[in-house]
Amino acid sequence: MVGSGPNGLAAAITLQESGLSVLLIEGKKTIGGGMRTAELTLPGYRHDICSAVHPMALMSPFFERLPLADFGLEFVQPTHDAAHPLDGGRVAVLDRSVESTALQLGADGDTYRNWMGSLLESVPRLLPDLLGPLQWPGEPFRLAGFGLQALPPATWTAGKFKTAEGRALWAGMAAHSIQPLSNIATSAFGIMLMAAAHIKGWVIPVGGSQRIADALVAYYQSLGGKIQTGWMVGSVNELPSAKAILMDVTPKQLVRIAGDRLSSSYKRRLEAYRQGPGIFKVDWALDEPIPFQREECRGAGTVHLGNTFEEIVRYERNVGNGKRGEKPFALVAQQSLFDKTRAPEGKHTAWAYCHVPNGDDRDMTDALESQIERYAPGFRDVIKAKHITNASAFEQYNPNYIGGDINGGIQDVWQLYSRPVLSISPYRTSAKGIYICSSSTPPGGGVHGMCGYHAARQALKDVFKVS
């Protein structure tokens with residue numbers, strides 16, 4: 001198993017649970033991929049390097065069945081899952097309760113209540129289909145009904161909402177797709193994130209995202225799994241003899257590492273794989289919490305900053321077209337409000353990023369801080385230190401984050417289920433015994449482990465004849 005992100009760990013655990021002998025190899029000195037936490041600014045201030053808030057962690061059918069609490073993993077639930085302030089003092093809030101969320105949307109309350117109520121009847125039952133490869137569904141008619149809601153562009157679905165608050169809240173959710181909101185199927189991202197809030201919550205791991213990796217590793221080792229860190233694999237020819245090799249890498253890395261084993265036609269298809277926009281991120285050590293004007297924002301684990309639906313649509317469209325914008329859609333995480341282990345007593349941390357064109361290294365620090373100041377005057381006065389990560393730095397940190405693309409390739413309708421190539425089994429490569437299990441396979445990005453789980457199941461079936 002090459003790579004120890006959530007999917008690499010999920011694959012390794014799935015194989016080890018089946019009685020195989022698994023060696024997990026990680027290029028860095030610590031396990032975790034995007035699930036790492038470090039003192040990036042000052043001693044005692046613990047910052048999540050990539051993933052921070054985890055809407056899909058408790059929704060994942062794979063994670064759900066693991067005894068991770070027995071290995072020290074604890075989640076905390078923010079007061080509000082997300083808040084979205086607008087100019088003029090208005091705010092929209094996503095709460096665990098559908099009713100609470102609806103009540104704060106004014107004229108859109110009944111629309112949200114009825115729409116989300118019907119979706120929540122379907123999403124939990126459809127998770128095995130939604131978080132897996134394209135296949136004949138267990139409930140085809142229910143899935144078809146969900147598809148009618150999820151496939152339209154987010155700009156089309158926004159027509160359900162009349163208020164600025166409802167439209168802005170929706171835009172912030174759909175913008176997690178990291179692509180123009182006019183793209184087909186961007187509604188799926190907003191729907192899944194809203195549903196996740198109401199079903200399980202947008203939880204924060206106590207101690208940092210590294211704790212998720214640590215718990216997965218501890219469970220894997222309890223099964224007898226072996227780990228070797230500090231080995232950045234340059235070629236599959238370096239690896240010890242094995243009946244199967246699973247790789248938690250992007251198509252570009254797969255070609256680099258295993259290209260001499262792959263067919264020329266398969267390599268051409270991998271080389272045609274498209275990356276998505278990158279991200280620019282800032283971590284702050286703070287003297288006190290972000291001084292948001294609205295109390296709802298001060299109690300939210302995640303705050304979306306981008307003002308109106310129209311402003312967010314415009315910014316994401318520009319990024320998708322390779323252009324730069326001055327008022328970014330910013331995603332802010334406030335872990336230390338709910339997890340006191342993140343900073344010294346009385347102090348705090350904050351984390352924010354925005355989308356940028358792939359590989360664009362322009363410094364967006366001032367733009368991000370200006371967006372926060374827009375809704376939290378005096379924010380710059382409470383900053384003690386900051387750490388900046390641009391698109392290139394993300395790729396240096398993890399070669400899978402090509403050009404700062406943390407999703408392993410754009411997740412538009414053409415690459416949503418045909419990742420990395422259109423195939424009956426997207427996890428198989430053209431080389432016998434070699435599989436790809438990263439977020440460049442279905443169901444795509446996020447800390448859920450389902451890409452690794454499905455790839456491991458495919459290897460078990462193909463190589464080890466385990467159904």
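Which residues does Asn407 touch, not counting residues up to four places away in sequence? They are His176, Ser177, Ile178, Arg419, Ser439 and Gly445, where contact means heavy atoms within 4.5 Å. This is a predicted model, in which local features need pLDDT of at least 70 and side-chain atom pairs count only at pLDDT 80 or more, while totals for chains, interfaces and linings use all residues. Residues are numbered from 1 along each chain as its sequence is written, and side-chain values use heavy atoms, with hydrogens and water left out.

Asn407 sits in the loop between helix H15 (391-397) and strand S15. Helices (H or I, at least four residues) and strands (E, at least two) are DSSP runs, numbered from the N terminus. Asn407 is buried, with a relative accessible area of 12%; buried means under 20% relative accessible area, exposed over 50%, and partly exposed in between (1.4 Å probe, protein chains only). Neighbours within four places in sequence aside, Ser439 is in contact with Asn7, Asn407, Gly408, Arg419, Gly444, Gly445 and Cys451.

The bond from Arg419 to Pro420 is cis, with omega near -5 degrees, and Pro420 is found in the loop between H15 and S15. Another cis bond joins Pro442 and Pro443, with omega about 5 degrees; Pro443 belongs to the loop between S15 and H16. Most residues other than glycine have a negative phi, and most peptide bonds are trans.

Backbone phi gives two further entries. Asn307 has phi near 60 degrees, a positive value in a residue other than glycine. Its place is the loop between strand S11 (300-305) and helix H13 (309-320), and Asn307 is buried, with a relative accessible area of 7%. Lys465 also has a positive phi, near 60 degrees. Lys465 lies in the segment after H16 and counts as exposed, at 66% relative accessibility.

Next come the aromatic rings. The structure holds nine aromatic pairs. Rings of Phe, Tyr and Trp (its six-membered ring) pair if their centres lie within 6.5 Å; planes under 30 degrees apart count as stacked, over 60 as edge-to-face and the rest as tilted. Phe62 and Tyr453 have ring centres 5.8 Å apart and planes at 40 degrees, so the pair is tilted. Because Phe62 lies in helix H2 (residues 61-64) and Tyr453 in helix H16 (residues 450-462), the pair ties together parts that are 391 residues apart in sequence. Phe62 is buried, with a relative accessible area of 1%, whereas Tyr453 counts as partly exposed at 24% relative accessibility. The rings of Trp115 and Phe161 have centres 6.0 Å apart and planes at 75 degrees, so this pair is edge-to-face. It links distant parts of the chain, with Trp115 in helix H4 (residues 109-130) and Phe161 in the loop between helix H6 (154-157) and H7, 46 residues apart. Trp115 and Phe161 are buried. Ring pairs also link Phe62, Phe63 and Tyr453 into a cluster.

Helix H7 (residues 164-174) packs against helix H8 (residues 186-199) at an angle of about 100 degrees, with their axes 7 Å apart. That angle makes H7 roughly perpendicular to H8. The contact is made by Leu169, Trp170, Met173 and Ala174 of H7, and by Thr186, Ser187, Phe189, Gly190, Ile191, Leu193 and Met194 of H8. These residues divide into eight nonpolar, three polar and no charged. The classes are as follows: Ala, Val, Leu, Ile, Met, Phe, Trp, Tyr, Cys and Pro count as nonpolar, Asp, Glu, Lys and Arg as charged, and the others, Gly among them, as polar. Axes are lines fitted to C-alpha atoms, for helices over the stretch in contact, and angles run from 0 to 180 degrees between N-to-C directions. Angles under 35 degrees count as roughly parallel, over 145 as roughly antiparallel, 65 to 115 as roughly perpendicular and the rest as oblique.

Arg36 is buried, with a relative accessible area of 4%. Its contacts beyond four places in sequence include Glu26, Asp48 and Tyr397. The C-alpha atoms of Arg36 and Arg211 are separated by 8.0 Å, although the two are 175 residues apart along the chain.
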